[in-house]
Amino acid sequence: AFVQPLLERAMARLDLWAAASDTARRAVLELFAHDCDVIHGGIDPTVFRPPPEPRTGPPGVAIIARGTDRTGLRFALRVLRALDVNALGSITILGPQEAPWRTRAAIPKALRERVIAIPDTGAAARAEAYAHAQIALVSAPEDLAGAAVAEAMACGVPVVSTDGGALPEVVGDAGVIVPAKNVDALVEAIASLLQDPQARAALGARGKQRIEDHFCWHVCARQMTDYYRQVLAYENG
């Protein structure tokens, strides 16, 4: 009752309304009854891109599990244990920046020698996590925060995840989305991709193109420039 009027007065002074995702746009619409357009956070294609040589050998898996409560990580590890780990290449966990030893401690002893845990300390760490991956597993909808999923797609890595949050608007038809909290469906989807290099390549190429069309910095910069031109035209009109 106290904060809402102050926010409404402040927001009423804005000339430009933009949201970083459709989820944020819906929240603005609900709170302030003011619609806005979506401008996604930009991806740097010089940092996040497929390797110069095609990935060979058993497919690697990158698990995006950056939640500090490790709930998503534990869920992803359930999926990993249900797979034939001998059919996997490198296994990388992109974990939270805080307390990386806790991420390592959560890995079962049977997998500890197979798994590399990388704290998400920035773009370089995320690029390293995707360097040898051919599949990216999103452990929880909360891991959509930031650009980690879009960056994996920019590297040509197909994304597999349960449904939730802003995932459909980011991934679109360039990944595999299964019902929420369904371990069996995730296991089946990943196992299918492990055995089908053509499907992996097709999804990876589709995801890379989707990022280039909608999420790269030059696209976002052009959108922002157009918005500011509209505002200036309105103020000078």
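Arg 126 is buried, because its relative accessible area is 16% and buried means under 20% relative accessible area, exposed over 50%, and partly exposed in between, with a 1.4 Å probe and protein chains only. This is a predicted model, in which local features need pLDDT of at least 70 and side-chain atom pairs count only at pLDDT 80 or more, while totals for chains, interfaces and linings use all residues. Residues are numbered from 1 along each chain as its sequence is written, and side-chain values use heavy atoms, with hydrogens and water left out.

Arg 126 forms a salt bridge with Asp 120, their closest N and O atoms being 2.9 Å apart; a salt bridge is defined here as a side-chain nitrogen of Lys or Arg within 4 Å of a carboxyl oxygen of Asp or Glu. Asp 120 is itself buried, with a relative accessible area of 11%. The helices (H or I, at least four residues) and strands (E, at least two) named here are DSSP runs, numbered from the N terminus. Arg 66 is buried, as is Asp 120, and a network of salt bridges links Arg 66, Asp 120, Arg 126 and Glu 151.

## Another salt bridge

The whole structure holds 6 salt bridges, and one of them joins Arg 25 to Asp 35, with the closest N and O atoms 2.8 Å apart. Here too the pair links distant parts of the chain, for Arg 25 is in helix α2 and Asp 35 in the loop between α2 and β2 (37–38), 10 residues apart. Arg 25 is buried, because its relative accessible area is 18%, whereas Asp 35 counts as partly exposed, because its relative accessibility is 43%.

## The largest pocket

The largest pocket holds about 330 Å³ of space. On a 1 Å grid over the protein atoms alone, a cavity is a set of points where a 1.4 Å probe fits but cannot get out, and a pocket is an open set with protein on both sides within 12 Å along at least five of seven lines; lining residues have an atom within 4 Å of a point. Grid points are joined across faces, edges and corners, and a volume is the space filled by probe spheres set on the points.

Of the 17 residues that line the largest pocket, Arg 55, Gln 134, Gly 156, Arg 200 and Ala 201 are the closest to its centre. Both β6 (133–138) and α10 (197–214) supply at least two residues of this lining, and α10 gives the most, with 6 residues. The lining divides into 10 nonpolar, 4 polar and 3 charged residues, where Ala, Val, Leu, Ile, Met, Phe, Trp, Tyr, Cys and Pro count as nonpolar, Asp, Glu, Lys and Arg as charged, and the others, Gly among them, as polar.

## The cavity

A search of the whole structure finds 1 cavity of 30 Å³ or more, and about 30 Å³ of space lies in the largest cavity. The residues that line the largest cavity are Val 61, Ile 63, Val 79, Leu 80, Leu 83, Leu 137 and Ile 190. Two or more residues of this lining come from β3 (60–64) and from α3 (71–82). By class, the lining has 7 nonpolar residues, with no polar and no charged ones.

## Two loop residues with positive phi

Most residues other than glycine have a negative phi. Ala 99, however, has a positive phi, near 45°, and is placed in the loop between β4 (91–95) and α4 (100–106). Ala 99 is partly exposed, because its relative accessible area is 27%.

Lys 181 also has a positive phi, near 60°, and lies in the loop between β8 (175–178) and α9 (183–194). Lys 181 counts as exposed, because its relative accessibility is 75%.
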